[in-house]
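This briefing is meant for a reader meeting the structure for the first time.

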Amino acid sequence: MFSSNVRLRKTGFFGGILLLGACVLANIMASIATRYSTSHNEAIIIEPSTLLSTSPRTPKDRSEEAMLLHEGTKLEILDSVTTRIDSVTTRWYDVKVDNNNRAWVRASAVERI
């Protein structure tokens, strides 16, 4: 800025622009990494065995049962919904098991990690 050499001033100007761009890019990447590391979209079954349902309610018969999972099984949470039957409110998670099976599980049967 105070140099009489034009080449040095241009180098400083464009170098500053490049450093500013690198700083902005680093902040964007840090924001994405923070969001990824703080998202709690995984859960573990904590009951000895739990029955997953095809809809967000307790299965009424065998056709509404999706699968039986045991304690320690890892799930990916996709969505959640709260249902109210009579005076009982229950929270359900739409989960994915093994990359291809989707079902609903009661929130009290899992612990988010």
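This is a predicted model: local features need pLDDT of at least 70, side-chain atom pairs count only at pLDDT 80 or more; totals for chains, interfaces and linings use all residues.

**Overall dimensions and surface**
- Along its principal axes, the C-alpha trace of the chain spans about 85 × 30 × 20 Å.
- Of the 113 residues of the chain, 20% count as buried, and the accessible surface comes to about 8,400 Å², with 57% of it belonging to carbon and sulfur atoms.
- The chain carries 14 positive and 12 negative side chains, and the centres of these two sets lie 17 Å apart.

**The largest nonpolar core**
- This core has 14 residues, and those with the most contacts inside it are Leu52, Leu75, Tyr93, Val95, Val105 and Val110.
- Strands S1 (42-45), S4 (74-85), S5 (88-97) and S6 (101-106) each supply at least two residues of the core, and the largest share, three residues, comes from S5.
- Beyond its neighbours within four places in sequence, Leu52 is in contact with residues including Glu64, Met67, Leu69, Val95 and Val105.

**Glu76**
- Glu76 lies in strand S4, and it counts as partly exposed because its relative accessibility is 28%.
- Although Glu76 and Glu42 are 34 residues apart in sequence, their C-alpha atoms are 4.5 Å apart in space.
- Leaving out residues up to four places away in sequence, Glu76 touches Asn41, Glu42, Asp94, Val95 and Lys96.

Definitions and conventions. Residues are numbered from 1 along each chain as its sequence is written. Side-chain values use heavy atoms; hydrogens and water are left out. A nonpolar core is a set of buried Ala, Val, Leu, Ile, Met, Phe, Trp, Tyr and Cys residues joined through side-chain atoms within 4.5 Å. Buried means under 20% relative accessible area, exposed over 50%, partly exposed in between (1.4 Å probe, protein chains only). Helices (H or I, at least four residues) and strands (E, at least two) are DSSP runs, numbered from the N terminus. Contact means heavy atoms within 4.5 Å. Accessible areas come from the Shrake-Rupley method with a 1.4 Å probe; for residues, only the protein chains shown count as cover. Lys and Arg count as positive and Asp and Glu as negative; His and the chain ends are not counted. The place of a charge is taken as NZ of Lys, CZ of Arg, CG of Asp or CD of Glu.
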